[in-house]
Amino acid sequence: MPGSPFQSVALHDVSLTIPDGQFVGLIGHTGSGKSTLVQHLNGLIKPTSGEVLVDGQSLSDKATDLRAVRRKVGLVFQYPEYQLFEETVAKDIAFGPSNLGLSQGEIDERVKEAAALVELNEELLARSPFDLSGGQKRRVAIAGVLAMRPTTLILDEPAAGLDPKGHKRMMNIMRSLHERGGMTLVMVSHSMSDVAKLCSRILVMNKGTLAMDGSPEQIFMLGTKLTEMGLGLPESAELSERLRGEGFHLPPDVWKLEQLVECLPGLLSKKGGTGGGA
Amino acid sequence: MALDITLGQFFPGDSPLHRLDPRAKLLLTLSMIVGVFLADSYPAYAIFFTYVLAAAWLSGIPIRLMLKGLKAVYFIIALTFVLNAFFGTGQTVLVRWQFLTITREGLRTAVFMALRLMLLVFGTQLLTLTTSPIALTDGLERLFSPFAKVGFPAHEMAMMMSIALRFIPTLLEEADKIMKAQTARGADFESGNLMARAKAMIPLLVPLFVSAFRRADELALAMEARCYRGGEHRTRLRVLKYTALDAWAGVSMAMLLTLVVVV
């Protein structure tokens, strides 16, 4: 609300380019502007100053067809299961494609395809979405966006509130959408471990601005800076950080679990030789 | 897509108007409403407007914000004015064109009605802009509590009101979010004829109702878990107290009403 005492600047100094085919993790503390940023990416919010370009087209430009942009850039909100409304799962997934004015045959095909992408059993399609479990509902909602066949998919905390099994499954779906579906993915997350495992690039938001942008290796080498922003490191990176602090000579690019498993035996025997009792 | 509603939104501040007891403000507003209908001359309205504008100035609320609230009723004011002007009866005819006549008396009533509506909106807006919804329901509960003896559920009514008020922003936020989510799936809320638009609301309303019921359920459970059982023997965090400020406001209102009746 500009002009009222409730006015505040949500984002400032955010400049970035996301090339096709990248899997980007967007991480940041609560209130750091992650959700506001992703809503700019398909024109749901327009910037008061600055510009957002999708395939070279400015979203602030009146000539830009925002509906076409939203077809290309799919957005899955946080807790998307609360937006389900149809009588059956199939109809709900079909909402997007039918807004595109497709033929019934095409719609049915897309519904099946989208359901398969999120590992939804076909017999669930005839059920009411309100009868499903939380994890299933979430996957239905994601399928509803996938049925638009976007080339880029943005997900705001897709695994929030899921149990460990549902969490793992969601991460596998993300991975296969990127690797097999060839989609550009932007995943907002609180979990460093998830982002570290899946993404090739990490953006860190802090207080409404883009604080860091780089590969997981580059980001996790700045360990203390992350903790200052109230963000944790993945467990494996934290362990290697602490080992270095204890005087172990760990190469600076070691932070993944697999790398640690490889390095540790050598390290322990060396330290054992000099200090004894390791 | 911004869903902002000015009418009835609290504007935080620390002006004398903000510091008045909510009961006093409610009673003052009530007497002002009565007074508006007693006013029957141009000077009376001039005095009234001076009073309300002075109060608005005291409250420190930007006049822009208050005019924005008036926007919602522009149409009603214009309609009332036109209807009264054309259909008011009187002797002195000013304009006669076909079956339409405008008389001096009709015009006078029309102007008065328009002024009355503006004063009503301005005055009640001052109340809701300077009083937080919680203070407002607190005040209402206390004002109605004498009727509790004859079985009027004052506390329950106030509780329902505060819950309803409390959930307006939540539901607005939720509606905004669902609307955005459905827009991202290609929903179109803005174009088409009336039928098409009504149909386009279904993807918004169904999830909104589902979540409203879910929230109601959760809230009821949370209240019961904390042993809520209505107003009996309940003490309160903020005890309402009349101050000298309320007395002064009352005196000024009494003076205004006297003036309005006399002039």
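Predicted model: local features only at pLDDT ≥ 70, side-chain atom pairs only at ≥ 80, totals over all residues.
**Exercise 1.** Work out how chain B is built and what its overall dimensions are.

*Solution.* Start by counting elements: chain B has 11 helices and two strands. Now for the dimensions: the C-alpha trace of chain B spans about 70 × 55 × 40 Å along its principal axes. Then check the radius of gyration, which is 23 Å for chain B, while a compact globule of 263 residues would come out near 18 Å. Last, look at burial: 23% of the 263 residues in chain B are buried.

**Exercise 2.** Find which parts of chain B touch chain A.

*Solution.* First, size up the contact: 17 residues come from chain B and 23 residues from chain A. On the chain B side, α8 (154–184) and α10 (202–225) each supply at least two residues. Of these helices, α8(B) gives the largest share of that side, with seven residues. Finally, sort the chain B side by class: nine residues are nonpolar, four polar and four charged.

**Exercise 3.** Locate the largest nonpolar core and the residues in it that touch the most other members.

*Solution.* The largest core holds 73 residues, and the ones touching the most other members are A:Val76, A:Ile93, A:Ala143 and A:Leu185. Helix α5 (residues 134–146) of chain A gives the most to this core, six residues. Now zoom in on A:Val76: among the residues it touches are A:Ala141, A:Ile142, A:Val145 and A:Leu153. Apart from that core there's another one of 27 residues, including B:Phe48, B:Val52, B:Leu115 and B:Val121.

Definitions and conventions:
Residues numbered from 1 in each chain as written. Chains lettered and ligands numbered in written order. Contact = placed C-beta atoms within 7 Å. Helix = DSSP H or I, 4+ residues; strand = E, 2+ residues; numbered from the N terminus. Nonpolar A, V, L, I, M, F, W, Y, C, P; charged D, E, K, R; others polar. Core = buried A, V, L, I, M, F, W, Y, C linked by C-beta atoms within 7 Å. Buried ≥ 20, exposed ≤ 12 C-beta atoms within 10 Å, placed from the backbone. Rg over C-alpha atoms; globule rule 2.2 N^0.38 Å. Lists of a residue's contacts leave out its neighbours within four places in sequence.
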